[in-house]
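Biologist: Could you take me through one part of this model slowly, please? I would enjoy a close look at how a pair of its elements pack, and then at what else is around.

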Amino acid sequence: MNLQELYARAEAIAPWTVEQRRALHRIPETGFQEFKTQALICQTLDALGIPHAEERTWVVGTIRGGKPGPTVALRADMDALPITEPEGCPFRSEHEGWMHACGHDMHMAIQLAAAKLLSEMKDALCGTVRLLFQPAEETVGGAEPMVAAGAVEGVDAVYGLHVQPYMRVGQIDTMPGCLNASTDEINIDVRGVSGHAARPHLCVDAIVCAAQMISALQTVVSRSASPLMPAVLSLGTIHGGQAPNVVCDHVQISGTLRAADPDLRALLKRRVREVCEGVAAAFGATVEVEVVSGYSPLINTPAEAERVLRLGARLLGTENALTRTAPSMGGEDFSYFVEKVPGAFWHLGCSAALPAAGLHTRELVPDERCLPIGAAMQCALVLDRMGMLE
Ligand SMILES: [Zn+2]
Ligand SMILES: [Zn+2]
């Protein structure tokens with residue numbers, strides 16, 4: 001099998017793939033509520049004769065090749081977002097208030113197309129393909145519990161992708177090493193002592209303390225992280241106080257801390273705590289800092305990211321297989337799969353023209369012409385890893 005033939009096959013089934021995508025687009029569901037989505041995937045796998053197992057709302061399909069070889073996993077995320085889709089789309093969401101506005105319908109359709117193509121060549125396959133349909137990427141994370149349940153046990157390599165409207169159809173990108181930052185949530189609870197605003201000397205003003213804390217936190221990234229290492233701390237909420245003439249005794253601040261490196265992530269978490277505690281002590285206030293661990297950073301195995309770029313260059317031309325120079329500071333829980341086994345995550349251009357509306361917007365309209373490219377690439381990664389690609 002060569003790459004061009006693979007792409008021709010993906011093109012030939014493109015109308016089927018589009019049908020799958022549109023059916024999934026109609027039924028967007030939130031994390032761990034993907035029951036209709038799960039049922040539709042199972043139904044499609046049944047029609048393809050691919051055995052599968054379910055737990056919670058995830059699906060794991062298995063294509064056992066006729067010859068021995070590695071086990072290669074493909075992953076597609078399943079969930080949607082609480083966004084109301086505009087009128088006009090002929091396959092508009094039937095779940096009012098919900099929309100596949102992150103393109104996960106595209107990912108599932110690509111994975112089903114890859115499954116169809118790979119199962120058609122099952123007897124010749126040197127190894128096993130594992131199809132991971134993963135819930136809850138946008139919310140609590142479905143990858144971590146899937147890994148805990150053994151989703152990548154015995155897997156030799158794993159590949160996943162995300163459609164990206166910042167690139168045109170026919171372009172892909174990725175990079176070795178960190179592709180997505182960690183995402184930790186920070187909750188800061190500052191406690192002071194309330195009293196009459198005319199007698200602040202008898203109080204501990206939580207607002208003044210919080211103000212200093214917020215300023216001091218700006219130094220966590222700028223003074224504790226190497227300027228060459230991507231990291232960001234953004235505080236998104238602040239609440240406190242009840243009346244203009246009462247000294248406030250309680251301020252709550254929340255934010256997000258992101259880093260592209262596990263060691264840097266640990267250091268910054270520690271610094272946030274130290275800065276908050278130090279400032280609180282200076283003001284006679286108390287503080288509780290809670291760091292809620294989010295997704296770990298997604299670290300691509302260098303050789304597997306290079307495999308993506310090499311195959312991408314062969315399929316789409318070197319000018320269209322782009323090596324990113326910096327990671328995204330957005331989170332992606334594919335990270336849990338590549339923590340366990342070698343693999344790579346990559347981005348698939350999905351825009352007809354640029355600029356285009358971004359992910360997580362109601363205006364997102366991915367161009368379905370990227371579906372066969374995604375399917376051919378995922379199949380090519382499997383076959384190449386099995387040593388079957390010419
Ligand atoms: Zn998203
Ligand atoms: Zn997404």
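This is a predicted model: local features need pLDDT of at least 70, side-chain atom pairs count only at pLDDT 80 or more; totals for chains, interfaces and linings use all residues.

Modeller: Gladly! Residues are numbered from 1 along each chain as its sequence is written, while chains are lettered from A and ligands numbered from 1 in the order in which they are written.

Helix α3 covers residues 35-48 and helix α4 residues 104-120; their axes lie 10 Å apart at an angle of about 15°. Here helices are DSSP runs of H or I with at least four residues, strands are runs of E with at least two, and both are numbered from the N terminus. Axes are lines fitted to C-alpha atoms, for helices over the stretch in contact, and angles run from 0 to 180 degrees between N-to-C directions.

On the α3 side, Ile41, Thr44, Leu45 and Leu48 make the contact, and on the α4 side Met108, Leu112, Ala115, Lys116 and Ser119 do; contact requires C-beta atoms, placed from the backbone, to lie within 7 Å. Six of these residues are nonpolar, two polar and one charged. Nonpolar covers Ala, Val, Leu, Ile, Met, Phe, Trp, Tyr, Cys and Pro, charged covers Asp, Glu, Lys and Arg, and the others, Gly among them, are polar.

Now for the wider setting. The protein is divided into domain 1 (3-181 + 296-385) and domain 2 (184-292), with bounds from an automatic or database domain assignment. Their centres, taken over C-alpha atoms, are 39 Å apart. Six residues of domain 1 touch eight of domain 2, and on the domain 1 side the count is six nonpolar, no polar and no charged.

Elsewhere, four strands form an open sheet in the order β10-β12-β8-β13, with antiparallel pairing; strands pair if DSSP finds at least two bridges between them. At the edges are β10 (231-240) and β13 (286-292), each pairing on one side only. Nine antiparallel bridges join β10 to β12 (residues 250-259).

Conventions:
Two residues are in contact if their C-beta atoms, placed from the backbone, lie within 7 Å.
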